Amino acid sequence: MKLLVLATLLGLSSAQFDPHMKDGRTSLVHLFEWRWADIAEECERYLAPNGYGGVQISPPSEHIVLTNPWQPWWQRYQPISYNLCSRSGNENELRDMITRCNNVGVNIYVDAVINHMCGAGGGEGKHSSCGSYFNANTKDFPSVPYSAWDFNDGKCHTGSGEIENYNDIYQVRDCRLVSLLDLALEKDYVRGKVAEYMNTLIDMGVAGFRVDACKHMWPGDLSAVFRRLNNLNTKWFSSGSRPFIVQEVIDLGGEPITASEYTGLGRVTEFKYGAKLGTVIRKWSGEKLSYLVNWGEGWGMMASGKALVFVDNHDNQRGHGAGGASIVTFWDSRLYKIAVGLMLAHPYGVTRVMSSFRWDRNIVNGQDENDWMGPPSYGDGTTKPVPINPDSTCADGWVCEHRWRQIRNMVIFRNVVNGEPLSNWWDNGSNQVAFGRGSREIVVTKSSKTKPGTYCDVISGDKQGSSCTGKQVQVGGDGYAYFNISNSEEDPFIAIHADSKL
């Protein structure tokens, strides 16, 4: 028996599509800017025991170190080489983390930055995370090595060398994205160096990649690189397993480059998901939860088997990327729990949970002037460890949404209902909805016909032995349960499933 009841009363594969998650796990978490040592501990102490299937890690390659602004989060997206020493740790720490997470059944997915190197204004010297020499002015990156021959400047025909018109597919793919030196991925040599980097990580034991800025690379070039990738390490994955590929393609419609050009190569980030769900959760423009009856493909999104979905990511939670102000984030914690809970209950796509850090917000004319700020750090720029409070929350600026009870328990919910279709949708025509996962329930108004017994609501509390720390839901002998949800509650939704039966 699996059932979600949700009411917001806010006024009343081909192989590269398979994330290879183990033990019936279904969701991954982006531990944004975490150190490798902390991720290794988190896999063992929390992620594996609570049903998380994998971790997306920040880019592990050598990156520029910037001081104006002071070590921003986006310096990780400006590679200097493919050496494996970054703000998160060195190669030995990375290898130890991959091994320890794999040993407890939690996969590692690498955020791979292969479209570009650092910004053209990056200068010259050794201000990089490994201390390697580079010269952005002459496009000299000897630690790879790349030279001026390996970049796209000769193919870009804008006056500035930058992307000036997103309706011109040649500019988008051959010119510089916000001044980043654009690699000529059509060249066999460049393809070989990129594949060599990714294969090093595959051989270390990663399960796949989130590939950054795919809209800015030709699908044929990506296909050529992906074909060169090794099979996954048989120490942790079955023989012949191919790396899981998630391509970052921002497609909200209205541009000539579409996500569908990339769905044949692997999964694609479905940015419409968080943008549209945000408008519904916020009730903008008269949107209602009842409209989600055909959520997913019915809202113009890609096929479920092609999509990776999320409520927010490290870009758009700061106002960058896609979605604008509709994106719901941890800053609106009550709305955020509703949005993530609904995502994890609904069968569409592979789900990714965000785990963030706080920054000092400074909103001026609708823009956050501090959105550049990096993770919690010491005075020398070294990333701080993630301390865990006695109540299991995180401290010292780390938000750790993945540890929030409501989100953690819905990750477990999704594992329990894995493979079951959406069933028995009910709504009141407005902002009350209920639905099941599977064929054994009937949802009628606020009722659900299911197996008799007492169940623990995993949103308001936890099942602990034969008791529940939150609400209990009684299912009568006739198979019906009645749910009373108040708009004044911290969590105006309820979820029960087979494993929450007392």
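# Burial, helices and loops in a predicted model

Modeller: In this predicted model, the elements that cover the buried residues of α6 include β11 (267-269), β12 (307-309) and α7 (333-345).

Biologist: Why is helix α6 called largely enclosed by the rest of the structure?

Modeller: A residue counts as buried when its relative accessible area is under 20%. Ten of the eleven residues of α6 (residues 271-281) are buried, so the helix is described as largely enclosed.

Biologist: Which are the buried residues of α6?

Modeller: They are Phe271, Lys272, Tyr273, Gly274, Ala275, Leu277, Gly278, Thr279, Val280 and Ile281.

Biologist: How do you know that the span of α7 agrees with its 13 residues?

Modeller: At 1.5 Å a residue, taken times one less than the number of residues, α7 should span 18 Å. The end C-alpha atoms of α7 are 18 Å apart, and therefore the two values agree.

Biologist: Which residues of α4 are buried, and what covers them?

Modeller: The buried residues of α4 are Val190, Arg191, Lys193, Val194, Ala195, Tyr197, Met198, Asn199, Leu201, Ile202 and Met204. Their cover includes α2 (91-103), β4 (107-112), β9 (208-211) and α5 (219-227). After α4 comes Gly205, with a positive phi near 120 degrees.

Biologist: Why does Thr329 count as buried?

Modeller: The limit for a buried residue is under 20%. Thr329 has 5% relative accessibility, so Thr329 counts as buried. Thr329 lies in the loop between β12 and α7. Apart from neighbours within four places in sequence, Thr329 is in contact with Asp312, Gln317 and Tyr336.

Biologist: Why does Asp153 count as partly exposed?

Modeller: Partly exposed covers the values between buried, under 20%, and exposed, over 50%. Asp153 is at 29% relative accessibility and therefore counts as partly exposed. The place of Asp153 is in the loop between β7 and α3. Once neighbours within four places in sequence are set aside, Asp153 is in contact with Lys139 and Arg176. Asp153 and Val309 stand 156 residues apart in sequence and, from C-alpha to C-alpha, 34 Å apart in space.

Biologist: What makes Asp23 and Asn365 count as exposed?

Modeller: An exposed residue is over 50%. Asp23 is at 66% relative accessibility and therefore counts as exposed. Asn365 is at 78% relative accessibility, so Asn365 counts as exposed. Asp23 sits in the loop between β1 (2-7) and β2 (27-31), and Asn365 in the loop between β14 (363-364) and β15 (367-368).

Biologist: What is the phi of Asp23, and what is that of Asn365?

Modeller: For Asp23, phi is near 55 degrees, which is a positive value in a residue other than glycine. Asn365, also a residue other than glycine, has a positive phi near 55 degrees.

Biologist: Where are cis peptide bonds found, and what are their omega values?

Modeller: One joins Asn68 and Pro69, with omega at about 0 degrees; another joins Val144 and Pro145, with omega at about -5 degrees. Pro69 is in the loop between β3 (54-57) and α2, whereas Pro145 is in the loop between β7 (134-135) and α3 (169-174).

Biologist: What is the volume of the largest pocket, and which residues lie nearest its centre?

Modeller: The volume is about 660 Å³. Its lining has 21 residues, and Trp73, Leu177, Val178, Leu180 and Asp315 lie nearest the centre. By kind, the lining divides into eleven nonpolar, six polar and four charged residues.

Biologist: Which feature does UniProt place at residues 26-414?

Modeller: The unreviewed UniProt entry gives "domain: Glycosyl hydrolase family 13 catalytic" there. In the model, residues 26-414 are 23% helix and 13% strand, with end C-alpha atoms 7 Å apart.

Key: Residues numbered from 1 in each chain as written. Predicted model: local features only at pLDDT ≥ 70, side-chain atom pairs only at ≥ 80, totals over all residues. Heavy atoms only, no water. 1 Å grid on protein atoms, 1.4 Å probe; cavity = no way out; pocket = protein on both sides within 12 Å on 5 of 7 lines; lining within 4 Å. Points joined across faces, edges and corners; volume = space filled by probe spheres on them. Nonpolar A, V, L, I, M, F, W, Y, C, P; charged D, E, K, R; others polar. Buried < 20%, exposed > 50% of the residue type's maximum accessible area, 1.4 Å probe, protein only. Helix = DSSP H or I, 4+ residues; strand = E, 2+ residues; numbered from the N terminus. Contact = heavy atoms within 4.5 Å. UniProt positions renumbered as here; feature names shortened; annotations may be inferred.
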